[in-house]
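Colleague: I would like a close look at a single part of this model, with the terms spelled out as you go.

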Amino acid sequence: MSHATSGRVLIIGGAIMGSFSAWALRKAGYAGAITVVEQDPTYQFSSTALSAASIRTQFGTPANIEMSLYAARMFRDIRLVFGEDADIGFRERGYLILGGPDQVAERVAAAEMQRAHGADIEVLGPDELRERFPGIDFGDVRIGTFGARHEGWFDAWSLLSVVRRAARALAVDYVHATVTAFETEGAAVTGVRLSDGQSLGCDFCVLAAGAWSGRLVAALGIDLPVVPKKRTVFAFETPFRLNNFPMLFDTSGLWVRPEGDGYIGGIQPLPEHDADADGDFVPQHALLEETYWPLLATRIPAMEQLRLQRAWAGHYEVNTLDHNGVVGPHDELTNLIFATGFSGHGVMHAPAVGRAVAELIAYGEYRSIDLSALGWARIRTATPMVETIVY
Ligand SMILES: Cc1cc2nc3c(=O)[nH]c(=O)nc-3n(C[C@H](O)[C@H](O)[C@H](O)COP(=O)(O)OP(=O)(O)OC[C@H]3O[C@@H](n4cnc5c(N)ncnc54)[C@H](O)[C@@H]3O)c2cc1C
């Protein structure tokens with residue numbers, strides 16, 4: 001694609017993907033105007049603000065592992081990158097992913113592949129699991145893989161605040177408006193129309209509109225398979241205490257991790273209860289009673305005593321083709337750059353995606369992590385890049 005160090009970059013969506021793209025572009029030396037258009041400066045419905053803000057390196061695809069490693073190192077050194085008062089509460093406490101008898105071979109192979117790409121994954125058998133994580137019932141478990149470094153959780157709101165502030169300090173302009181339409185000429189997006197009737201011109205347009213992305217570009221005739229799926233998070237207290245409690249992913253599909261003095265957790269709804277969310281942010285309370293709580297109490301009997309504190313729901317921006325992000329230019333509108341579709345792992349991958357978008361615009365190529373595999377070509381040809389470790 002063509003590249004530039006000046007001109008007008010317009011970014012649709014000012015949450016984690018949009019803000020990291022803007023900031024990284026300046027860091028890459030881009031001297032032109034950078035405008036971020038955000039419809040809601042409170043970010044109350046953004047996936048970023050509603051996420052569980054956890055980071056793992058246990059993925060089935062090298063690009064996802066490398067993006068997580070880049071973010072984990074940045075999070076650890078957050079003060080060096082963004083200044084002394086930058087605090088995102090990074091807790092490097094690991095993901096513990098459990099597997100049953102039929103998953104042992106596949107998990108061992110995945111851990112080897114992850115280690116080969118720089119992750120620090122331990123493979124634990126039932127006895128080691130019982131010793132290290134007392135109080136958890138590993139009866140049916142045959143393997144646990146644990147990320148000893150580069151995995152854990154942080155505060156997504158703080159991360160967004162830190163990067164937005166840094167972007168603003170580098171003369172990135174945030175405009176409060178909704179993008180309602182695109183203007184095009186030949187093979188280029190030349191601008192967007194805003195809800196207040198104004199138009200904004202651009203030389204590059206970055207689509208970082210999260211779960212709204214698919215619908216937004218449908219107006220251009222682009223079939224981007226990114227749809228909003230509702231995911232509920234339960235925050236609760238229990239008397240159960242374990243100092244080294246990690247982010248636990250159970251064989252049942254549930255997840256649970258510490259948060260403050262209590263825990264947060266959730267589980268995906270069954271496909272028949274998982275229609276596109278369409279602006280619906282009402283938590284699925286039935287999931288707690290009928291599914292989550294019984295499964296949790298089976299795995300951790302002391303969690304039978306659970307007191308719900310609150311629940312919230314946000315939207316995963318699910319790429320229905322393969323649950324992976326879409327990054328890079330469209331093939332026909334070549335200055336339209338996607339940075340979306342991360343299907344539940346976008347906060348952890350935003351630093352690397354932002355840098356990738358910046359490299360594409362400023363240099364015309366990827367210079368750090370090659371994210372070509374996440375490009376539009378696979379969407380056009382409906383060739384999934386299968387990520388086996390999806391939650
Ligand atoms: C419950 C839940 C748990 C999650 N847990 C994790 C996790 O543990 N780890 C992880 O890495 N990820 C997690 N995710 C996923 C993660 O939150 C997303 O992948 C990530 O936040 C996507 O960032 P984004 O900037 O692309 O989208 P968003 O944060 O949704 O931001 C998109 C922005 O675009 C704006 N926008 C949309 N349309 C327009 C328009 N037309 N004009 C102007 N502005 C527009 C929106 O207002 C919004 O602010 C979770 C998500 C949910 C819902």
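Colleague: Which residue in β2 does Val9 stand opposite?

Modeller: Val9 stands opposite Ile34 in β2, where strands, like helices, are DSSP runs numbered from the N terminus (E, at least two residues, for strands; H or I, at least four, for helices). This is a predicted model, in which local features need pLDDT of at least 70 and side-chain atom pairs count only at pLDDT 80 or more, while totals for chains, interfaces and linings use all residues. Residues are numbered from 1 along each chain as its sequence is written, and side-chain values use heavy atoms, with hydrogens and water left out.

Strand β1 (residues 8-12) and β2 run parallel and are joined by 5 bridges, two strands being paired if DSSP finds at least two bridges between them. Between β1 and β2 the chain passes through helix α1 (residues 16-27), and this β-α-β crossover is right-handed: with the strands pointing away from the viewer, the path from the first strand over the helix to the second runs clockwise.

Ile34 also stands opposite Val172 in β8, and strand β8 (residues 172-176) pairs with β2 in the parallel sense, over 5 bridges. Strand β2 (residues 33-38) is largely enclosed by the rest of the structure, because 5 of its 6 residues are buried, which means under 20% relative accessible area with a 1.4 Å probe and protein chains only (exposed is over 50%, partly exposed in between). In a regular strand, side chains alternate between the two faces of the sheet.
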